Amino acid sequence: MNFQQALIDEYDRECSTTRSLLEAIPADADLTWKASPKNMTLGRLAGHVAEIPGEWGVMTLAQPGLAMPEGAYNPWQPASKAEILEKFDSAVPQAKEILATLDLARWQDNWKMTSGDQVWVNDTRYNVFRTWVLNHMIHHRAQLGRDLRTLGAPIPGCYGPSADSM
């Protein structure tokens, strides 16, 4: 079995499903809405879902890691659904191109994310891509689906039909 091709196929399927959910955000949605005080805003959550497979995918596949200055993280707060879709659509093809051409030996390379002296991630490139790109995208996509459902938006099916598509 060609694990890299299987990973490409999975990435394509999950990105397609993610794109469908991002499209389900109502054009007039209040992106400052939060399900609870501990949650991200709808806009921040949707923006995070949009940036994970593209920007984080590119970073994971093309760089040896990420060193963020301590306290420098400034989460992206998109202003519109169009901005969210633009971010997703611009970066996912770049990540897919790198994924398709990545030398097999590079999957075992170490990838590290730090902030000052704190190590956040320290693992193989494969495990980082699997956990912090694919699984992370799916995790936050599920949260976004929950929030959209709470707001009354119809939800597309992910792994089969949804209650709205039956």
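At 17% relative accessibility, Trp56 counts as buried, where buried means under 20% relative accessible area, exposed over 50% and partly exposed in between, computed with a 1.4 Å probe and protein chains only. Trp56 belongs to helix H2, which covers residues 42-62; helices (H or I, at least four residues) and strands (E, at least two) are DSSP runs, numbered from the N terminus. If neighbours within four places in sequence are left aside, Trp56 is in contact with Glu51, Leu66, Met113 and Val133, contact being defined as heavy atoms within 4.5 Å. By comparison, the C-alpha atoms of Trp56 and Thr150, which are 94 residues apart along the chain, are separated by 28 Å.

## How the model is described

This is a predicted model, in which local features need pLDDT of at least 70 and side-chain atom pairs count only at pLDDT 80 or more, while totals for chains, interfaces and linings use all residues. Residues are numbered from 1 along each chain as its sequence is written, and side-chain values use heavy atoms, with hydrogens and water left out.

## The chain as a whole

The secondary structure of the protein chain consists of four helices and three strands, and from the N terminus on these elements follow the order α-α-β-α-β-β-α. For 166 residues, a compact globule would have a radius of gyration near 15 Å, and the 16 Å of the protein chain agrees with this; the radius is taken over C-alpha atoms, and the globule rule is 2.2 Å times the number of residues to the power 0.38. Along the principal axes, the C-alpha atoms fill a box of roughly 45 × 40 × 25 Å.

Of the 166 residues, 43% count as buried, and the protein chain exposes about 8,800 Å², of which carbon and sulfur atoms supply 54%; these areas come from the Shrake-Rupley method with a 1.4 Å probe, and for residues only the protein chains shown count as cover. Among contacts between residues at least 6 apart in sequence, 74% join residues at least 24 apart. The mean positions of the 15 positive and 20 negative charges are 4 Å apart, where Lys and Arg count as positive and Asp and Glu as negative, with His and the chain ends not counted, and where each charge is placed at NZ of Lys, CZ of Arg, CG of Asp or CD of Glu.

## Aromatic rings

The structure holds five aromatic pairs; rings of Phe, Tyr and Trp (its six-membered ring) pair if their centres lie within 6.5 Å, and planes under 30 degrees apart count as stacked, over 60 as edge-to-face and the rest as tilted. In one of these pairs, the rings of Phe3 and Trp107 have their centres 6.0 Å apart and their planes at 65°, so the pair is edge-to-face. Because Phe3 lies in helix H1 (residues 3-23) and Trp107 in the loop between helix H3 (81-101) and strand E2 (110-115), this pair ties together parts that are 104 residues apart in sequence. Phe3 is partly exposed, with a relative accessible area of 35%, whereas Trp107 is buried, with a relative accessible area of 1%.

Trp107 also forms an edge-to-face pair with Phe129, with 5.9 Å from centre to centre and 70° between the planes. This second pair links distant parts of the chain, since Trp107 is in the loop between H3 and E2 and Phe129 is in helix H4 (residues 125-150), 22 residues apart. Phe3, Tyr11, Trp107, Tyr126 and Phe129 form one aromatic cluster.

Glu14 lies in helix H1 and is buried, with a relative accessible area of 7%. Apart from neighbours within four places in sequence, Glu14 is in contact with Leu134, Met137, Ile138, Arg141 and Tyr159.

Met137, one of these partners, lies in helix H4 and is buried at a relative accessible area of 0%. Not counting residues up to four places away in sequence, Met137 touches Glu14, Cys15, Thr18, Ile52 and Pro53. Met137 and Thr18 are 119 residues apart in sequence and 8.1 Å apart in space, C-alpha to C-alpha.

## An exposed glutamate in a loop

Glu70 is found in the loop between strand E1 (65-68) and H3, and at 66% relative accessibility Glu70 counts as exposed. With neighbours within four places in sequence left aside, Glu70 is in contact with Ser115 and Gly116. Glu70 and Phe88, 18 residues apart in sequence, are 27 Å apart in space, C-alpha to C-alpha.
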